[in-house]
Amino acid sequence: MASGHMVKLANSKGPETIAELARDIGATAVRAEDAVKDVEVLILSVPFATYPKLADLVKEAPATVPVIDTSNYYPFRDGSIPDVDAGMPQSVWVSEQIKRPVIKAWNAALAATLADKGRPAGEVGRIALPVAGDDASGKATAMQLVEETGFDALDAGPLATSWRQQPGTPAYCTELTTAVLTAALQAADQSCAVDNRDRLIKKFSETGKMPDHDEVVALNRKVTA
Ligand SMILES: NC(=O)c1ccc[n+]([C@@H]2O[C@H](COP(=O)([O-])OP(=O)(O)OC[C@H]3O[C@@H](n4cnc5c(N)ncnc54)[C@H](OP(=O)(O)O)[C@@H]3O)[C@@H](O)[C@H]2O)c1
C-alpha cells in the first residue's frame, strides 16, 4: 500500500472479520472469491496444509496473474506431508496442490523483519530476500514487490532449487545482505536442513519463553552456520 498499490485482503472467515485491519493499513477487505478477480498479482500467505483447499479458488485468477507463495512447512505445526518429508521442495508441492506455477518470496523473512526492517534501496546493510521461480516475468514482478517492501530482491533460481531458502538453511530468516545471502544460498545443504529446522524448534521450546526477534535471528544463524 505504501508503494501505491491497491491491495485486497482476504481470509477464510470473511471480510467482516478483517475489515478493521484492512482499514488500518489502507487495504480493502474482500471475500476470497473476490481477491482473485481483477488483480495483477496474487499473494498466498496461508498455513502450509491449507494449500490443497485453494485450487478451486486460484483457478479463477487468469493464468497471466503471477501467484506468489510465502509458505514454510513445519510438520509439528502443519502435520506430516510425505512428499515434502521425502525432499520435494515445499513450493513445488504448493504448486502441485494449486495446479499453478508459483514464485516463492518473503518466506525467508520473519514477520517482524517484514514489518520493521525494510529500508530504502541503496542503504548500506539493507537486508536481501531470496525469490525463486520458473516464470521470468512473474519472478520479475515478485522481485519488484520485494524491493518495494524494503528489501534487496535476490534471484535464487528455479523453484526446483528453492529448498535453498527453506527452514533450516543459512538463507532462512537470517537477515543477510545480498552478498552474504548469495553465499548462504550456495552453502545450503539439503541433507542437514530438516535436522537444523527441528533442532531450532527444540531449542526454542527448551527456553520455556518466547525468544525475542533478535534471539530468533541469532539462533537461526548459529544453527545453520
Ligand atoms: N509469521 C511469520 O513470521 C512468517 C514468516 C515467513 C513465512 N510465513 C509463512 O506464511 C504463511 C502464513 O503465515 P502466518 O504466520 O501469516 O499465518 P497465520 O497467522 O496462521 O495466518 C494465516 C491466514 O491464512 C488465512 N487462511 C487460512 N485458510 C484459508 C483459506 N482456505 N482461504 C483463505 N484464507 C485462509 C487465515 O484466515 P482465517 O483465520 O480466516 O482462517 C489467516 O488470515 C505460512 O505458510 C507461514 O509459514 C510466516
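Predicted model: local features only at pLDDT ≥ 70, side-chain atom pairs only at ≥ 80, totals over all residues.

Biologist: What volume does the second largest pocket have?

Modeller: Its volume is about 210 Å³. A pocket is an open set of points on a 1 Å grid where a 1.4 Å probe fits, with protein on both sides within 12 Å along at least five of seven lines.

Biologist: Which lining residues are closest to its centre?

Modeller: Of the 14 lining residues, these are Val 84, Gly 87, Gln 90, Gln 166 and Val 194. Lining residues have an atom within 4 Å of a point.

Biologist: Which helix gives the largest share of that lining?

Modeller: H10 does, with 4 residues. Helices are DSSP runs (H or I) of at least four residues.

Biologist: Now H11. Which of its residues are buried?

Modeller: His 213, Val 216, Val 217, Leu 219, Asn 220, Val 223 and Thr 224 are buried, that is, under 20% relative accessible area with a 1.4 Å probe. They lie on the same side of H11, because their arc, taken from the axis to the C-beta atoms, is only 165 degrees.

Biologist: What is exposed on the other side?

Modeller: Asp 214 and Lys 222 are exposed there, meaning over 50%.

Biologist: What do the buried residues pack against?

Modeller: They pack against helix H7 (111–116) and H10, with contact meaning heavy atoms within 4.5 Å.

Technical notes: Residues numbered from 1 in each chain as written. Heavy atoms only, no water. Points joined across faces, edges and corners; volume = space filled by probe spheres on them. Helix = DSSP H or I, 4+ residues; strand = E, 2+ residues; numbered from the N terminus.
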